[in-house]
Amino acid sequence: MDGEELTEQETALYDRQIRVWGADAQRRLSKAHVLIGGMKGTIAEVCKNIVLAGVGSVTLVDDSPVTEESLNANFLIPSDETLYEGRSIAEVCCDSLKDFNPMVHVSAEKGDLSSLSTEILEKFDVVIVSGCSLSTKKAINGKCRKLSKRIAFYSVDCRDSCGEIFVDLQDHSCTKKQVNETVECRLQYPSFEEAIAVPWKILPKRISKLYFATRVIERFEETETRTSGETSLADLPNVLKLRKELCEAQCISESQIPDSLLERLLLGKLEFPPVCAIIGGILGQEVIKAISCKGEPIKNFFYFDAADGKGLIEDISNPNSAS
Amino acid sequence: MASQQQLDAIKGAKVLMVGAGGIGCELLKTLALSGFQDIHIIDMDTIEVSNLNRQFLFRQSHVGQSKAKVARDAVLKFRPHINITAHHDNIKSSDFDVDFFKKFDVVLNGLDNLDARRHVNRIRLAAGVPLVESGTTGFLGQVAVHVKDRTECYECYPKPAPKSYPVCTITSTPSKFVHCIVWAKDLLFAKLFGDKNQENDLNVRSSDGASSSEHTDDIFELRNDEDIDCYGRRIYDHVFGYNIELALSNDETWKNRTRPKPIYSSDVLSNNQQNGNLDKSCSSSDVALVSTMATLGLKNPQEVWNLAENSKVLLEALKLFFMKRQKEIGSLTFDKDDQLAVEFVTAAANIRAASFGIPLHSLFEAKGIAGNIVHAVATTNAVVAGLIVIEAIKLLNKDLENVRMTFCNEHPKRKMLLMPVEPFEPNKTCFVCSKTPLTLEVNAPHTKFRDFIEKVVRAKLGMNLPTVMKGHFLLYEDGNDLDEDERQKYEANLEKVLSKLPSPVIGGTSIVVEDLNQTLSCEINIKQREEFDEEKEPEGMVLIGWLQAPTDTENKASVQNGESTSGAGTDQVMPLEIAEDEEAEVNAVSKKRNFSEISNSSVSHPLTGNDKTSKNKEVILEDEGDDLIVLDHLNSEMAKKKRLV
């Protein structure tokens, strides 16, 4: 690859990881700009991982104040409350994150995720959002896709001890190792809107139940105009009603979405820190893969549930529309 | 989020963490966030620059400080009201005995070497405390749960021995770059800068016995009034020129091999060529910063130097050692963080490689091979730490039905990047957790007691302070509290052959080997055997009764220590090295080597199957709704492990 060589300082700091992904990948990382919205525990993990890895810059967007709840799984928030005064959670996290790697430019931007303009998005190579509504997710993903520049889009959320990652790399080419040779591969991704529009009945039977359950909760929050995670067990009857409607419309059995799973997700306002570490680790790695174009990325959903310990990749794309 | 019952168990738990490195930093953070209130953390290491890319609790300003203490302080910044006790100490210290371990509800390992893992395994077994073991290499990771009498212990199945090479391959017939590295590091570097009393195979005695060791030994000494430049060239010409000529005189060796080309310094460098600008480096008084790359103006460690550049680096490095680091000569051992040592070894290995027609390598690559640097990234460590905490919570809730061993895969297997597997049951023949007697096949009248202690007791059985008894007769004891007569008596025993010991150890007898510190005792039955295969059984002793690890001399499917260090090449090394940043030694097999060094070295966990190796197959058990996977093991004996029902 063209471009300047890594400095001595970079080679020393990144020695162990250059041995994993090579100097080319490290150079690409150092030129990548990442936008991150929604400073929850899982996002704190993602931020840590990509700042350590040595991306060019990280821009944080979250105007909400620091609350008791936000302390739960977010280790970027120090205990000293005087630091929160009149500041957004993004600003507080930004200060901690800067220390992790002086070679990465970390900043906090004012603003609301749902109103991010394409002019702003265009400055980035990777956009990651967490804790936003169904419509915001669709809107940001849609804006990223409209730009001529290819932007990698991720959404990530943890509820209770379950986590979901969505990946849209649009049209992605990468190299991957196969036995002893490196091969080129090319992947076509659907947008979030396209993916969730894939009829449920055509999906493979053994697909993760978390996929359906998350769609039900997401739809519930959207119709009730709740913010993500603002649910409780009292919502269960209405959620079960919604499940019935959706399952009937999609022609799948309601048993695909167990009550117990929906209960867990409704209660799961707080993230479970070990799951944040796992989901944040997997997503951090995905971002590195996407930027470096090395290694086959997840297409296009990833699930982890601490209850069974499996970390599963699900490909949810319409076989008819894929090229 | 965790249930109330889980939260209570977490709050009341006392946790011992061993290791504050790559996994340790992530683990301490996740434990603290998860609500743990009482955590002890032990690590003897101090912080280095190459840790900072993943050990996120550490900063540049902490370099040189205790990992355990800095990690504690960093976590208290976001969780100020919990108790974290940091021990900047060796886990093998006698302070951390069985009584110490008994105070804890669970032990969590984030270690980087086999020796310490075995030590912890033994003490926690004696203390009856469950253990969560972990390891990562690049994108691969593994978490295992060990509960006494219920699941396998860490040592139920021996780990493959570190990659080793026959002496003659290293001294006379290298065919790969790694052979040249071993030669440069273990022979040439050790000869010139290491302990002069250590035996060293650098000067191959040719078949006609042309060089006697008395004569050749002097060659490596700087003579009185000898100019340092002349000395360097003399050494250069001796090892790369004369020694190769000598080896070439043995036609038998080269019948089916490419003949090496002797290289003399005058072939490569003009006689009066000025080597670098020493004055530039003279300004630096910091010994750690002395570097030939700096004085020769070589900037990029990833660039492959040509023969002339390597020759200049070698001569310059030699000179710098004598001019700047004179005091250390005679006591140096190779250290991957010693820039000058790495430069010297890179250059020497490359010149030797050039002579034998082997492709040359960059300093970056050579450093990886010589230091056996394990690839490490933050993300795998974060994932593994999360998995450890999930298993630890199950253990605290006595939820033993649901504990799992989990593999982090680089490529999904059956859609899974994180793959849980049921733990295996204990191995009934394990000498550690089942106290099963072992049998040693040995030629008693020809085997020195010292070899038995070093190669069997220390290296194979992993004992640090062993006591050897035959009946009530003490044959050997190690420890600091011995008086001088005892020490002398045991020293004398070490020099005797087994059958000539004060109480003879011969076929049909039995001895007991103990390590009181580890509270481990092992009975060994002796079986007389005269013949051993030099290639397969180079130690001249075979320990049986406990499943043997796959031998690792030429098995390509197994660990490739140091051979896959470039780029993203980790995925063909599937038998997972359960080691984070492990500095394993690449050792030449030499009967004269220091075996405690080898016992410290590489580990690889046998519990992983490789989907690219035909030897391994997956056994897939489809249970209703919830499927679990059991992997077959590297060798058929390992496959005897059963699922816990």
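**Figure 1. Helix 7 of chain B passes helix 15 of chain B in a right-handed crossing.** The view is taken from a predicted model. The axes of the two helices, helix 7 (residues 177-193) and helix 15 (residues 339-355), are 8 Å apart and form an angle of about 125°. That angle makes helix 7 of chain B oblique to helix 15 of chain B. On the side of helix 7 of chain B, the contact is formed by Phe177(B), Cys180(B), Ile181(B), Trp183(B), Ala184(B), Lys185(B), Leu188(B), Phe189(B), Leu192(B) and Phe193(B). Helix 15 of chain B contributes Ala341(B), Phe344(B), Val345(B), Ala348(B), Ala349(B), Asn350(B), Arg352(B) and Ala353(B). Sorted by class, the residues of this contact comprise 15 nonpolar, one polar and two charged.

**Figure 2. Packing of helix 7 of chain B with helix 14 of chain B.** Helix 14 spans residues 307-324 of chain B, and its axis comes within 12 Å of that of helix 7, with a crossing angle of roughly 30°. Helix 7 of chain B is therefore roughly parallel to helix 14 of chain B. The crossing of this pair is right-handed. Phe189(B), Leu192(B) and Phe193(B) of helix 7 of chain B meet Leu318(B), Phe321(B) and Phe322(B) of helix 14 of chain B. The contact of these two helices consists of six nonpolar residues, with no polar and no charged ones. Phe189(B), Leu192(B) and Phe193(B) are also among the residues of helix 7 of chain B that meet helix 15 of chain B.

**Figure 3. The interface of chain A and chain B.** Chain A brings 58 residues to the contact and chain B brings 61 residues. About 5,200 Å² of area is buried between the two chains, and carbon and sulfur atoms give 60% of this. Of the area that chain A buries against chain B, 18% is supplied by Arg16(A), Arg19(A) and Val20(A), more than by any other three residues. Four salt bridges are found across the interface of chain A and chain B. A salt bridge joins the side chains of Lys367(B) and Asp15(A), at 3.9 Å from N to O.

**Figure 4. Helix 12 of chain A against helix 17 of chain B.** The axes of helix 12 (273-292) of chain A and helix 17 (residues 378-396) of chain B come within 8 Å and cross at roughly 160°. This angle makes helix 12 of chain A roughly antiparallel to helix 17 of chain B. The crossing of helix 12 of chain A with helix 17 of chain B is left-handed. From helix 12 of chain A, the contact includes Pro274(A), Ala277(A), Ile278(A), Gly281(A), Ile282(A), Gly284(A), Gln285(A) and Ile288(A). Their partners in helix 17 of chain B are Thr379(B), Ala382(B), Val383(B), Gly386(B), Leu387(B), Val389(B) and Ile390(B). By class, ten residues of this contact are nonpolar, five are polar and none is charged.

**Figure 5. Backbone geometry at Asn300(A) and Asp149(B).** A cis peptide bond leads from Lys299(A) to Asn300(A), its omega being near -10°. Asn300(A) belongs to the loop of chain A between helix 12 and strand 9 (301-305). In chain B, Asp149(B) is a residue other than glycine with a positive phi, near 65°. Asp149(B) is placed in the loop between strand 6 (140-146) and strand 7 (164-165) of chain B.

Key. Residues are numbered from 1 along each chain as its sequence is written. Chains are lettered from A and ligands numbered from 1 in the order in which they are written. This is a predicted model: local features need pLDDT of at least 70, side-chain atom pairs count only at pLDDT 80 or more; totals for chains, interfaces and linings use all residues. Side-chain values use heavy atoms; hydrogens and water are left out. Axes are lines fitted to C-alpha atoms, for helices over the stretch in contact, and angles run from 0 to 180 degrees between N-to-C directions. Helices (H or I, at least four residues) and strands (E, at least two) are DSSP runs, numbered from the N terminus. Angles under 35 degrees count as roughly parallel, over 145 as roughly antiparallel, 65 to 115 as roughly perpendicular and the rest as oblique. A crossing is left-handed if the near helix is turned anticlockwise from the far one by less than a right angle, and right-handed if clockwise. Contact means heavy atoms within 4.5 Å. Ala, Val, Leu, Ile, Met, Phe, Trp, Tyr, Cys and Pro count as nonpolar, Asp, Glu, Lys and Arg as charged, and the others, Gly among them, as polar. Buried area is the accessible area (1.4 Å probe) that two parts lose on being put together, summed over both.
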